Amino acid sequence: MSLAAYEPGRDCPLCPRLVEFRERNRERLPGCFNAPVPSFGPVDARVLIVGLAPGLKGANCTGRPFTGDYAGDLLYDTLPRYGFARGRYLGRPDDGFELVDCRIVNGVRCVPPENKPTGAEIKTCRQFLVPAIAEMENLRVVVMMGRIAHDTGLTALGLRRGDFPFGHNARHEAGRFVIRDTYHCSRYNTQTGRLTPEMFQAVFAGVRADLGVDET
Ligand code: SF4
């Protein structure tokens with residue numbers, strides 16, 4: 001698979017802390033992807049999900065966003081229910097699972113220690129998020145997966161954060177885009193009950209409704 005020109009290379013040197021972590025992971029997890037994780041899904045999709053960053057044993061290992069860890073189990077159980085994916089999700093990049101009219105990109109492409117990118121890393125990696133969004137000519141709905149994704153996604157879209165406060169299942173209109181927020185489908189959020197499957201499904205039911213309205 002050839003990567004678009006704006007995708008970072010496997011050895012992107014721009015975030016020293018993440019580069020160091022990447023090098024360590026290449027030694028201790030040699031079977032893993034251990035590189036900036038590319039976008040997943042068709043570029044002509046109308047829906048974009050902006051994630052935070054790869055999980056160490058999930059996307060960092062498999063090379064596909066949300067694949068192989070707990071967050072992916074809920075996300076990839078939910079998307080097919082609303083027509084945004086097809087196939088059987090098996091937590092592996094070769095499982096044949098496909099996104100439909102939906103694309104996923106992480107705001108930070110490299111796995112950060114403790115799942116926590118710094119503000120500087122988020123800002124640096126936005127140079128890849130901006131063109132990834134701009135390339136989607138049919139984009140209509142942007143789903144922000146958690147507050148950090150919400151903030152960097154808004155900035156990437158050229159929008160002021162203060163105009164669009166984050167809240168679970170909040171819906172904002174911004175020009176030709178609809179912005180929808182959700183709590184991140186992390187293990188912590190689901191196991192503490194902050195995010196239930198029903199709450200998560202409600203977000204994507206809303207996205208489907210947004211597209212339906214768009215088509216009439
Ligand atoms: S997080 Fe983004 S900008 Fe930073 S090293 Fe990785 S790909 Fe490069």
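UniProt, in an unreviewed entry, puts the feature "domain: Uracil-DNA glycosylase-like" at residues 38–204; its positions are given in the numbering used here, feature names are shortened, and annotations may be inferred rather than shown by experiment. What you're looking at is a predicted model, where local features need pLDDT of at least 70, side-chain atom pairs count only at pLDDT 80 or more, and totals for chains, interfaces and linings use all residues. Residues are numbered from 1 along each chain as its sequence is written.

**Overall build**
- The protein has seven helices and seven strands; helices (H or I, at least four residues) and strands (E, at least two) are DSSP runs, numbered from the N terminus.
- Go along the sequence and you get the pattern α-β-α-α-β-β-β-α-β-α-β-β-α-α.
- The C-alpha trace spans about 50 × 35 × 35 Å along its principal axes.
- A compact globule of 216 residues would have a radius of gyration near 17 Å, and the protein agrees with its 16 Å (taken over C-alpha atoms; the globule rule is 2.2 Å times the number of residues to the power 0.38).
- As for residues 38–204, that span is 31% helix and 17% strand, and its end C-alpha atoms lie 23 Å apart.

**The sheet**
- Five strands form an open sheet with mixed pairing, in the order S4-S1-S5-S7-S6; two strands pair if DSSP finds at least two bridges between them.
- Strand S4 (102–106) and strand S6 (171–174) are at the edges with a single partner strand each, so one side of each has no neighbour in the sheet.
- From one strand to the next, the twist averages 20 degrees (axes are lines fitted to C-alpha atoms, for helices over the stretch in contact, and angles run from 0 to 180 degrees between N-to-C directions).
- Strands S1 (residues 47–51) and S5 (residues 141–145) run parallel and are joined by four bridges; isoleucine 49 has valine 143 in S5 as its bridge partner.
- Helix H5 (residues 147–156) packs on the sheet and touches S1, S5 and strand S7 (177–182), its direction making about 140 degrees with that of S5; contact takes C-beta atoms, placed from the backbone, within 7 Å.

**Around the ligand**
- There are 14 residues around the ligand, and Pro8, Cys12, Cys15, Cys110 and Cys125 come nearest (a residue is near if its C-beta atom, placed from the backbone, lies within 6 Å).
- Helix H1 (16–28) and helix H4 (119–134) each give the shell at least two residues, with H4 supplying the largest share, four residues.

Notes: Contact = placed C-beta atoms within 7 Å.
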